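This report describes selected features of one protein model. Please examine the sequence and the structure shown here before reading on.

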Amino acid sequence: MEVFLAESLGFCYGVKRAIKLAREQAAPDGTSCTLGPIIHNPQMVSRLAEEGVGMVNALPDMENGTVIIRSHGVGPIVYDEAKERGLSLVDATCPHVKKAQSTAHELFQEGYSVVIVGEKFHPEVRSIFEWAGGDAVIVDSVEEAEAVAPCARLGIVAQTTFSGAKFKEIVLRLLDKSNDVRIVRTICTATDQRQEAAIKLARQVDLMLVIGGKNSANTTRLAQLCAKECQTYHIETVAELQDEWFDKIKKIGITAGASTPDWIIKEVYQKCKNRT
């Protein structure tokens, strides 16, 4: 049995930056916390907690100290509230998410009706929605795109981890909604690279293991794409591997989401290699 790693996998620049910023603020006395999980990987969040970076779900949960904005970003009101509460603020928002937020804000200010292509309840999409004045339409399917009402000016942005192919399909259905359509493809390069590498590898193996948080949108998307090409399992850690998955399997492919730490990838890879 052979084991192959995707050409592009694991931590992206935005995640590495967020983890670095969080670690720089570590405080054993509990006065340094992220607002929500800094990335969608429970194991990394737990490790940061051990290092002195806690987590709160809302600003009122912090009486003092430093609040760290998660990589997915937040709306403008959070910055104002943190200042009013006298909290120090470290912004670990991914630069690509920042770009999507600022683009949506600019489109809104210029009078465009904003459509965000992404998952309605994903924290990144919610933050983009708030920067778009809280008046954008969020769609994540062709059917929802077809239901968008015609308008004078239409501006389109995307969740940074959205499927490039699906974004194109949705945009094609939105083009006839206005005579003035502005499209800004805010899907990040790392997302494109990981999706392309995963699909390429999935076509060459008998089974794909996609490693990452079950709450990670980009990891889930990788698993969905790989499942179209071969047998695929989405796992968070090596503990989830099951012996029966590998019966009659000759080639295993491994990829991981942008928020999956290297040590988890290595554990899964080594476990698979030991089976050969």
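An open sheet is built from four strands in the order 1-12-10-11, and their pairing is parallel. Strands pair if DSSP finds at least two bridges between them; strands (E, at least two residues) and helices (H or I, at least four) are DSSP runs, numbered from the N terminus. The model is predicted: local features need pLDDT of at least 70, side-chain atom pairs count only at pLDDT 80 or more, and totals for chains, interfaces and linings use all residues. Residues are numbered from 1 along each chain as its sequence is written, and side-chain values use heavy atoms, with hydrogens and water left out.

Strand 1 (2–5) and strand 11 (231–235) are the edge strands, each pairing on one side only. On average, neighbouring strands of this sheet are turned by 20° against each other, direction ignored. Four bridges join strand 1 to strand 12 (residues 251–256) in the parallel sense; Leu5 has Ile254 in strand 12 as its bridge partner.

Helix 1 (residues 13–24) and helix 2 (residues 42–51) have axes that come within 10 Å and cross at roughly 20°. Here axes are lines fitted to C-alpha atoms, for helices over the stretch in contact, and angles run from 0 to 180 degrees between N-to-C directions. The two helices are therefore roughly parallel to each other, a term for angles under 35 degrees. In their contact (heavy atoms within 4.5 Å), Ile19, Ala22 and Arg23 of helix 1 meet Met44, Arg47, Leu48 and Glu51 of helix 2. By class, this contact of helix 1 with helix 2 has four nonpolar, no polar and three charged residues. Ala, Val, Leu, Ile, Met, Phe, Trp, Tyr, Cys and Pro count as nonpolar, Asp, Glu, Lys and Arg as charged, and the others, Gly among them, as polar.

Helix 5 (residues 123–131) has buried residues, including Val125, Ile128, Phe129 and Trp131. Buried means under 20% relative accessible area, exposed over 50%, and partly exposed in between (1.4 Å probe, protein chains only). The buried residues of helix 5 pack against helix 3 (76–84), helix 4 (95–109), strand 6 (113–117), strand 7 (137–139) and strand 8 (154–158).

Technical notes
Parallel < 35°, antiparallel > 145°, perpendicular 65-115°, else oblique.
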